[in-house]
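Notebook open, structure loaded. I want to go through this one piece by piece and jot down what I look up.

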Amino acid sequence: MKKVLAAIVLIFCGLNLSAQAEKEIKAGIKHVTVFPDRAQVNHETAVSLIAGRTVLKLSGLSPYIDPQSIQVKGFGEFTILSVNHQNNYLKNLEDDPGIKSIRSQIEALQLKSEDEKAAIAILQEKASFLTANKALLLKEASVTTEQIKSIMDLYTSNYEQVTLSVLKKQRQIKEYEKQIAALEQQASSRQKENQLPSGEIYVTVSNEKQVTGKLDISYVATNAGWYPSYDIRVDDIKKPVSISYKANVYQSTGNSWENVKLSFSNATPWVSGNIPELYPWFIDFIAEPRPLPVARYNSAKRKEITGAVISVAADESVEEAPLPEPASGPEIMIQTGETTVTFDVTVPFSVPSDGKMQTVEIQDLDLPADYKYVTLPKKSELAYLTANITNWAELSLQSGEATLYFENSFVGKSWLNVNQLTDTLTVSLGTDNSILVKREKRKDFTSSKVLGSNKTETRSFLITVRNNKQNPVKITIKDQIPVSSNSGIEVQPVELTGGRYNPGNGYVFWDVEMKPGESKQLILTYTVKHPKDKNLILE
């Protein structure tokens, strides 16, 4: 019996010691590294530990934590024994101090509104009293004209005062109700946010004596991310191109990031760094399915026929070759890690947990560029300005939407594509109306002649380009002539005004430099020879 009592005492002592050993800690968010579709959140806190084993509890965290990403570093004379994570679904929302504060403001406004309504009721009684007494006084036969005038003046001034006071108080009540509605919406929004479970991290530590130290806790949470965008400005084609590199960040992790250090990274930490394995790729002809023998229905021999069908199918399945491997099996998405780029924002920044986009400017670049106009007269009589930037791979850019400004005017949207396997990055800067382009058919040089069994058709075009700018410009003009895909069709360039012709794809290029106010004319003429009984579309 004594042993049983001793065991019970030890159990209760152990439970008491365990309860005392758990300590709740507060650790603010100090640094957040935002990835394209998630974020790594870092907390820091100082800890004071008594001798023995202590469970440190950090609560109020995001419910979208990846448990495998949790890292805890300790600085001090103690040992970290274990780290555990859970989501607490039993959090009392009314304990949230923010919601309590909003509720207190709502109650204060409701009391003010009630006071105003009570005052209105008193004023309305006063108005009723004035109206009743006015009627009684006017019924008196001995009332003179002067007295009637005095009564009406007194009634009018008092009634007007009462009416204006009622209107003022009614407007005040409406203002209170508007504020109450806004606070109710704010409380509802915050309550919905806090309806998410609370993430909790438990860190068990052990130390031989009372010590102080520091804990760094980090984890990766989803429901956050960023993407790049750019403002590209060209004030003058004699000056460098200005690129403003921006990060568009959003998050709805359940925790607001208040005055934290932000970093933006293009890394993908959720992708494994292991090299993918390439399996043998077997291909074979797919065997055509053989039709099964048709069993005629015979009620007398139903079991026998059915048995024969099953037997034949079983025998054929043994003789047939096994099904071939699929042409391309599912790949295992395990990729090697890429070179990453991280942008650290030195100024603290706040990002609320509302999913709304916040824009942070992370880099301003002034880059020397070779400006060139490109035009395709056959498709569009517009000239497109491009900036060609060398050594662009050193700039750590990523593909993203670009807003274009040329000569201090908005010219449109474009897409900055950095996935180019060239040493020069070409950025499209939109159209320029100062470059005039026209393409017209030369009717006098367009003909169709028949000689024997063949027909020879000639097409000729005049391309005119004019530079109305006050600066010299470089222009690349691109056109084309047909490409034959039949041995019975022969295509020959006749006149290209010095253009470069690629017979493989039929493209013709002219690279010209034009002075201010200068015009150039280019001729594109070609012939197509084909059987006269065949028709071609050459326009």
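Burial first: I call a residue buried under 20% relative accessible area, exposed over 50%, and partly exposed in between (1.4 Å probe, protein chains only). This is a predicted model, so local features need pLDDT of at least 70 and side-chain atom pairs count only at pLDDT 80 or more, while totals for chains, interfaces and linings use all residues. Residues are numbered from 1 along each chain as its sequence is written, and side-chain values use heavy atoms, with hydrogens and water left out.

**Entry: overall**

I looked up the secondary structure and got 4 helices and 26 strands. Helices (H or I, at least four residues) and strands (E, at least two) are DSSP runs, numbered from the N terminus. Of the 539 residues in the chain, 33% come out buried. I took contact to mean heavy atoms within 4.5 Å. Among contacts with a separation of 6 or more, 76% are between residues 24 or more positions apart. The chain exposes about 34,700 Å², with 53% of that from carbon and sulfur atoms; the areas are Shrake-Rupley with a 1.4 Å probe, and for residues only the protein chains shown count as cover.

**Entry: T45**

I found T45 in strand β3, residues 38-49. Its relative accessibility is 11%, so T45 counts as buried. What does the side chain of T45 reach? It reaches the backbone oxygen of K26, at 2.7 Å. I list that as a polar contact, a pair of N or O atoms within 3.5 Å; within protein, one must be able to donate a hydrogen and the other to accept it, and residues adjacent in sequence count only if both atoms are side-chain atoms. Leaving out residues up to four places away in sequence, T45 touches I25, K26, A27, G213, K214 and L215.

**Entry: N248**

N248 sits in strand β10, residues 241-251. I have N248 as buried because its relative accessibility is 6%. Its side chain makes two entries in my polar list: one with the side chain of S229 at 2.9 Å, and one with the side chain of T359 at 3.1 Å. Beyond four places in sequence, the contacts of N248 include W226, Y227, P228 and M357.

**Entry: cores**

A nonpolar core here is a set of buried Ala, Val, Leu, Ile, Met, Phe, Trp, Tyr and Cys residues joined through side-chain atoms within 4.5 Å. Which residues touch the most other members of the largest core? W257 and F264 do, in a core of 83 residues. Apart from it I noted another core, of 7 residues, including I102, I106, L109 and A187. Going back to W257, I see it touching I29, V32, V34, L262 and F349, among others, not counting residues up to four places away in sequence.

**Entry: salt bridges**

My cut-off was a side-chain nitrogen of Lys or Arg within 4 Å of a carboxyl oxygen of Asp or Glu. That gives 14 salt bridges. E184 and R103 form one, with the closest N and O atoms 3.1 Å apart. This pair links distant parts of the chain: E184 is in helix α3 and R103 in helix α2 (residues 97-139), 81 residues apart. E184 is partly exposed at 33% relative accessible area, and R103 is partly exposed at 26%.

D479 pairs with R439, closest N and O atoms 2.9 Å apart. D479 counts as buried at 4% relative accessibility. E457 and R459 make another bridge, at 3.0 Å between the closest N and O atoms, and both of these residues are buried.

E407 lies in the loop between β16 (400-406) and β17 (409-416), and its phi is near 55 degrees, positive in a residue other than glycine. I flagged that because most residues other than glycine have a negative phi. T497 goes on the list as well, with a positive phi of about 50 degrees, in the loop between β23 (490-495) and β24. E407 is partly exposed at 40%, and T497 is partly exposed at 37%.
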